[in-house]
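Q: Could you take me through the cavities in this protein, one at a time? I'd like to know what lines each of the ones you describe.

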Amino acid sequence: MPDTATTHRGGIGRIVGASLIGTTIEWYDFFLYGSAAALVFNTLFFPTTDPLVGTLIAFVTYAIGFVARPLGGIVFGHFGDRVGRKKLLVISLLMMGGATFAMGLLPTYETIGVGAPILLTVLRLVQGFALGGEWGGAVLIVSEHGGDEHRGFWASWPQAGAPGGNLLATGVLALLAAVQSDAAFQSWGWRVPFLLSGLLVGIGLWIRVSVSESPVFLEAQAKAEAEAARGVKQKAPVVQVFRRHRREVLSAIGTRFGENISYYILTSFLLVYATVHLGLAKSTALNAVLIGSAVHFATIPLWGVLSDRVGRRPVTLIGSVGMAAWAFVFFGLVDSGSPAVITLAVTAGLLLHGAMYGPQAAFISEMFDTRVRYSGASMGSQIASIIAGALAPIIAIELLKDHGSSLPVSVYLCAAAVVTTVTVALTRETRGRDLRRSRDEEEAAAPAAPAAVSGGGRG
C-alpha cells in the first residue's frame with residue numbers, strides 16, 4: 001500500500017524529525033519577536049514615557065503577525081490540498097527565516113524615526129503569513145504518514161516544536177542577558193538571536209527537502225485526477241470547507257481557544273508582568289519560561305501517547321479544566337517574587353497546556369477529509385490564533401494597566417479555558433479514524449450503526 005511503502009522509504013522517524021525541526025525553527029522566529037517585544041522593542045522601536053504603553057504598542061505589532069496567519073492558512077491550505085504538503089512547508093520555512101533575519105538588520109527609531117516600526121511591522125506580517133501555512137502542513141504530513149493506532153503520539157512531535165522554539169528563543173535571550181550588560185544587550189545584543197535564524201533555516205531546509213510527500217495526499221490526488229478526467233469539476237478546498245465542514249472549523253477554533261490564550265499569558269505576558277509590574281530581573285522571568293518550556297517540550301509527546309490510549313477528548317479536558325482552576329493560582333505564585341516558585345507556576349501551567357496541545361494535531365487533523373484537510377485545519381487553527389492568541393497579551397496588559405491587579409487576568413484565562421472545555425465536551429471523539437476515508441464513505445460503510453453514532457454531527 002502507498003502508506004507502508006512511502007513510510008518505509010522515508011522512515012516515520014525522518015518525517016517526524018523534519019517536521020519537528022522545521023516547526024521548532026519557525027516557532028523560534030515567531031516567539032523571538034514576542035520576547036523582544038516584552039524586553040527591548042518597546043524602547044527601541046516604540047519609545048514612550050510610560051513603559052507599559054510602549055510595551056502595549058509593541059504587542060499590537062506582535063498581534064499583527066496573528067492577523068496575517070489566517071490569510072497564510074487559506075493560501076497555503078489551498079495549494080497544500082492541490083499540489084502537496086511538502087512543497088508548501090519548504091516555502092513557509094524560507095519566508096519565516098528570511099523575515100526574522102531581516103529584523104536583525106533593522107535600524108531603530110532613533111536612527112530612521114517612524115520608518116523603523118513600519119518596517120518591523122511589515123516583516124511581522126510576513127512572519128505571520130508564513131506561520132499560518134506552517135502548522136497545518138507540518139502536522140498533516142506526520143498525521144498522514146503515521147498509522148491510525150499511534151497518530152496521537154507521532155503528530156504530537158510537531159506540536160513540541162512550539163515549546164522547542166520558545167525554549168530556543170528564550171534560551172538565547174537568557175544567555176545574552178547573562179553575559180552582557182543591559183546597555184550592550186539594548187544596543188546590539190538583541191540582534192544576535194534574529195541573525196542566528198539564517199543558520200537555523202539552512203539546517204531546517206536541508207532536512208525538510210529530504211522527506212517524502214504524504215501517501216494519503218497522493219492517493220487523494222490520484223482520485224481527484226481520475227474524477228477530473230471523467231469531467232467532474234473540483235471546487236476550491238476553501239469553498240468545500242465553508243460548505244461542508246463549518247462545524248469542524250468551529251470545533252477547531254474552540255479547541256484551540258483556551259490553549260492559545262493560556263500559552264501566551266504563561267509565556268509572553270509573564271515577561272511583562274514580572275519585569276514591568278513586579279520589577280523583577282529579566283533573568284528571573286526568562287529562566288522560569290526556559291525551564292517550563294523544557295518540561296513542556298518533553299511531556300507533549302506523552303500527552304499524545306495518552307490520547308492514543310484513552311482518546312483525544314479526555315486528555316484535552318484534563319488540560320482545559322485544570323487550566324481553569326490554575327488561572328487563580330498562577331499569579332499568586334508569581335507575586336511571591338521567588339524564582340523557584342515562579343518557575344513552579346510556569347511549569348505547572350505549561351504541563352496543563354500540554355494536555356490541550358499534545359493531542360490537538362491528531363484531533364484537528366481527524367476532523368477533516370483529506371481533500372480539504374490542509375485548508376480546514378489551517379483555517380480553524382489560524383482563526384483561533386487571531387481571536388485568542390493575538391489578543392491575549394494585549395487584553396492582559398490592558399486589564400493589568402486598568403485594574404493594577406492580576407485578578408481580572410485570571411478571570412480572563414479561566415473563561416478561555418471554559419470555552420475549550422465546552423467545545424471539546426460537545427465534539428465527538430476522532431481517535432482511530434482512517435484518514436483515507438471521507439465522512440461520507442465512513443457513514444456509507446456502516447449503515448446499521450446506531451443513530452447516535454452514525455448520524456452525529458461532524459466535528
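A: Let's start with the word helix: helices (H or I, at least four residues) and strands (E, at least two) are DSSP runs, numbered from the N terminus. This is a predicted model, where local features need pLDDT of at least 70 and side-chain atom pairs count only at pLDDT 80 or more, while totals for chains, interfaces and linings use all residues. Residues are numbered from 1 along each chain as its sequence is written, and side-chain values use heavy atoms, leaving out hydrogens and water.

A cavity is a set of points, on a 1 Å grid over the protein atoms alone, where a 1.4 Å probe fits but cannot get out, and its lining residues have an atom within 4 Å of a point. Grid points are joined across faces, edges and corners, and the volume is the space filled by probe spheres set on them. There are 3 cavities of 30 Å³ or more here.

Helix 12 (246-277) gives the most, 5 residues. By class, that lining has 7 nonpolar, 3 polar and 2 charged residues (Ala, Val, Leu, Ile, Met, Phe, Trp, Tyr, Cys and Pro are nonpolar, Asp, Glu, Lys and Arg charged, the others, Gly among them, polar).

Among the residues around it are Phe 31, Ser 35, Asn 166 and Thr 267. Helix 2, helix 7, helix 12 and helix 13 (282-310) each give two or more residues, and helix 12 has the largest share, 3 residues. This lining splits into 4 nonpolar, 5 polar and no charged residues.

Methods: On a 1 Å grid over the protein atoms alone, a cavity is a set of points where a 1.4 Å probe fits but cannot get out, and a pocket is an open set with protein on both sides within 12 Å along at least five of seven lines; lining residues have an atom within 4 Å of a point.
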